[in-house]
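Me: I have a structure to go through. Can you take some quick questions on it?
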Amino acid sequence: MSEFDAIVVGGGPAGTSAAMRLAANKLNVLLVEKADPPGSKNVSGGVLWGNSLAGVMPDWEKTAPLERYVKSKGVGFLTKDSSIDINFRSSKFSETKTGYTVLRTKLDQFLNKKAKDAGATVVTGVTVDKLAFEGKKVIGVEQDGDIITSDAVILAEGANPRVAIDSGIRPPLKDQDVAIGVKEVIKLPEKTINERFNLREKEGFAGEYVLGFLEGGVEAGGFLYTNKDSISLGVVVSMKHLRENNQTHSYDIIEQFKEHPSIAPLLDEGKVDEYSAHMVQEGGLESIPKLYGNGYMITGDAAGFSFSNGLVLQGMNYAIASGIAAADTLVEAKSGSGISEQAFSKYEEKLLNSFVLRDMHTFKGIEELTWGSLIHQKMPSILEKVMLGVLMEDGEPKKHMSQIVKEALKESGLKSSKLLLEGYKMYRRM
Amino acid sequence: MTLEIVVLIKVVPDGKEVFVDPVNFTLNRSMATNVLNPADENALEAALRIKDEHDARITVMTMAPPFAEPFLLECLSRGADQAVLLSDRAVAGSDTYPTSLTVAAGIKHLGNVDIVFAGEKTSDSSTGHVGPGVAEFLEAELASYSRSCKYEDGYVIAERELEEGVEVVKIPTPAVVTVVTDSNIPRRATLRKKLDAQQKGIIVWSLQEIGVEADWVGLRNSPTVVKKMLPFPTRERKNKVIGVDNLDDFVKELAEVGVLKTGGN
C-alpha cells in the first residue's frame with residue numbers, strides 16, 4: 001500500500017494544476033516543490049496566455065494574482081541604431097482577455113496554496129532526487145536516501161528536468177533544444193508605466209524583440225512585459241550560439257538590450273528589483289520525450305511543452321493543460337483498469353486531442369526559423385535599410401522603393417531566391 | 001537513558017533587508033522577510049550532531065507569536081523530535097530578562113533536561129543575554145560561544161571561541177551551550193522529515209501552562225529602557241587609488257588624505 005495515490009514533482013502551473021485536479025477527485029496527493037517560497041526559483045517572463053486555469057479554478061481571473069491583461073502586443077526588430085516595431089492593440093482584448101502578465105513568485109505561491117486548500121499535502125523547500133523503481137514500475141520518489149511511495153508520479157519539474165534525466169526516463173537536453181533566459185524585474189511607478197506604454201489601469205503591454213545587433217552573429221530574442229508597478233524584461237539566447245561564441249555572455253546581452261536606444265527610455269529611473277537566469281525549452285516537437293510510462297507521466301516544460309513562433313512565447317498554458325490531462329488520466333486509471341503503461345497512454349491521446357500537442361504539430365519545425373540567421377540578422381538590417389532609404393532626406397533624388405529593397409537585399413548577401421524559399425517555409429510553418 | 005536536549009530558536013527579520021530609518025534612526029523591519037536567527041541554525045545542528053552519536057530527544061522551543069510556527073516545522077524537518085511554541089499576548093515587549101525567565105520556565109515544564117542549546121546571539125538585537133539568562137534561571141552550567149561540543153557520561157565538553165584563543169571546558173549536565181554563528185554547516189531538511197513534521201505538529205503553551213505570571217513579563221516588567229537611538233558615525237569613502245611606486249610619496253599621500261598623521265619624531 002503506497003503512502004500516496006500520487007506524488008507531483010514541481011509546484012509550478014503544471015504541478016499545482018495536476019495536484020488541484022487530483023485532490024478535487026479525492027486522491028491523496030503529495031506536491032513537492034524545491035523553491036521556498038514557491039515561484040522564487042522561476043524565471044518565466046511571463047505572460048499567462050489562454051484560459052487553461054479555468055479547468056481547475058473557474059474564477060481564476062478574479063482570484064489569482066494577475067498583474068495586467070495584455071491590451072497591446074508588440075513585435076520589434078532591433079538593429080544597433082533602429083527599431084522597427086509592429087504594435088497591435090485592440091479593444092477586443094479588453095472584452096476577452098487573451099493573456100495576463102504575471103509575477104511567478106506571487107502566482108506560484110497562490111497556486112500552491114490553492115492546491116493545499118484543495119486537500120493536497122504540499123511540501124516546499126526540498127528537491128526530489130529521482131524516481132524510485134521496482135523493476136520498471138515507478139513506485140514513488142527518492143530523496144536523500146528515503147523512498148516516499150505512491151501509485152503514480154507526475155513530473156512537473158520545469159525546464160531543467162533533472163529528476164526525469166537522472167531517472168533515465170528522458171535523454172539529457174541537447175544544446176539546440178535549449179536556450180538561456182536572463183531576466184530582470186525593474187521597479188517603476190504604475191503611473192509612469194501607464195504613460196510610457198500608453199496604457200490605462202490594468203492594461204498591459206507584452207513585447208517580443210529580435211535582437212539583430214549582437215556581436216558574433218549571436219541569435220537572441222528579447223522580451224518586455226509590463227506588470228502593475230514593474231517591468232519584466234529579458235533575453236533568450238540560444239545555447240548553441242552561446243557555446244559557439246564563448247566570448248558572449250548572456251548578462252552582456254541583457255545589458256545591450258536594456259541600453260538599446262528604443263528600450264532605454266522605457267526603463268529610465270527604474271530600479272532593478274530581481275535578476276535571474278534559467279533554461280528555456282525551445283526544441284519544438286522534435287525534442288519532446290516519451291511522455292508516460294509504467295507509473296509516471298511528464299508534464300509542462302519538463303516535457304518540452306513550450307511554444308514560440310516569434311510573435312508570442314508560451315509555456316504556462318501548455319503546462320496547466322498538460323497537468324490537468326495527466327491528473328485526469330490518473331483518476332480514470334485508478335477508477336478503471338488500474339495503473340499501467342497502457343492506462344497512461346490515454347495521457348498522450350488527451351494531449352493529441354488538445355491544443356498542447358496539436359499546436360506543436362501545427363508549428364512543427366518552426367524553431368528552425370525562429371532560430372535562424374534570416375530572422376535574427378538579415379531581416380532587421382534589411383528592414384532598417386529600407387526604412388532609412390525611404391525616409392532619409394539627403395538631398396539626393398528619391399529612389400524607387402523596389403530599387404531600395406533590391407539594394408538592401410544585395411547588401412545583406414541574401415539571394416532573392418533564398419528569401420522566397422525562406423518566406424515560403426515561414427508561411428507554411430506559421 | 002535518553003538525553004533530553006532543548007534548542008532555543010528565534011525568528012528574526014532578515015538582516016539584509018533591515019534598514020535604519022534616516023529620520024529617527026529606528027530599525028525599519030517592514031520590508032524584511034522573517035528568517036531563523038542564523039546562530040540558531042548552528043545551535044540546532046550542534047544538537048543534531050549529539051543526537052547522531054547518542055540516544056537523544058531534541059525539543060526545539062521559541063517564545064513568539066504564532067507566525068513562528070513554520071520555522072518550528074522547519075526545525076522538525078531537519079531532525080528535531082518535537083516543537084514547543086511559548087505564545088502569550090502578555091509577553092509582548094519583553095526584554096531579555098523576562099524572556100530568559102519565561103523560556104527557562106518552559107524548559108522546566110518539559111521535565112528533566114540535560115543540555116540546552118541556543119545561538120550565541122540573535123541577529124536583530126545582538127545582546128547574547130538569553131542563553132546565559134536561561135542558564136541562571138535553570139541554575140545550570142554554561143558554556144557560551146561554543147564552536148563545537150560533545151557529550152560524554154554526564155558531561156558536556158565544549159570548545160569556546162574567545163578573543164584570546166580557544167578554551168576547552170568540561171561541565172556537568174544540566175548545561176546550557178550557546179553556539180557561535182557559522183561554526184558548523186546546518187544539514188538540510190529532507191522530504192521524509194518534512195512529511196513527519198506536518199504529522200507531528202507543534203505544542204503551544206501559554207504562560208499559565210508553564211507557571212509564569214503575566215506581571216513578571218511584558219514591556220512593563222522589562223528592566224531595559226531605550227533612552228535614545230544614535231546613528232553610527234560613518235566616514236565618506238574617498239575612492240582614491242594610490243600607487244606604491246615610491247614609498248615617500250605614498251606616505252605623503254596617506255597623510256594628505258588623513259589616513260596618517262605626520263609630525264612627532
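Me: On the other side of H8(A), which residues are exposed?
Reply: Tyr251(A) and Glu259(A) are exposed there, exposed meaning that 12 or fewer other C-beta atoms, placed from the backbone, lie within 10 Å of the residue's own, and buried that 20 or more do. This is a predicted model, where local features need pLDDT of at least 70, side-chain atom pairs count only at pLDDT 80 or more, and totals for chains, interfaces and linings use all residues. Residues are numbered from 1 along each chain as its sequence is written, with chains lettered from A and ligands numbered from 1 in the order in which they are written.

Me: And which residues of helix H8 of chain A are buried?
Reply: In H8 (residues 250-259), they are Ser250(A), Ile253(A), Ile254(A), Phe257(A) and Lys258(A). Helices here are DSSP runs of H or I, at least four residues, and strands are runs of E, at least two, numbered from the N terminus.

Me: Why do they line one face?
Reply: Down the axis of H8(A), the buried residues fall within an arc of 135°, so they line one face of the helix. The arc is taken over directions from the helix axis to the C-beta atoms.

Me: Switching to chain B: what is the strand order in the open sheet?
Reply: The 9 strands run S11-S10-S9-S12-S8-S1-S6-S7-S13, with mixed pairing; a pair needs at least two DSSP bridges.

Me: Which strands stand at the edges?
Reply: S11 (165-172) and S13 (203-205) of chain B, each with a single partner strand, so one side of each lacks a neighbour in the sheet.

Me: In what sense do S7 and S13 of chain B pair?
Reply: Parallel, over 3 bridges, with S7 covering residues 82-86. Leu86(B) is opposite Trp205(B) in S13(B).
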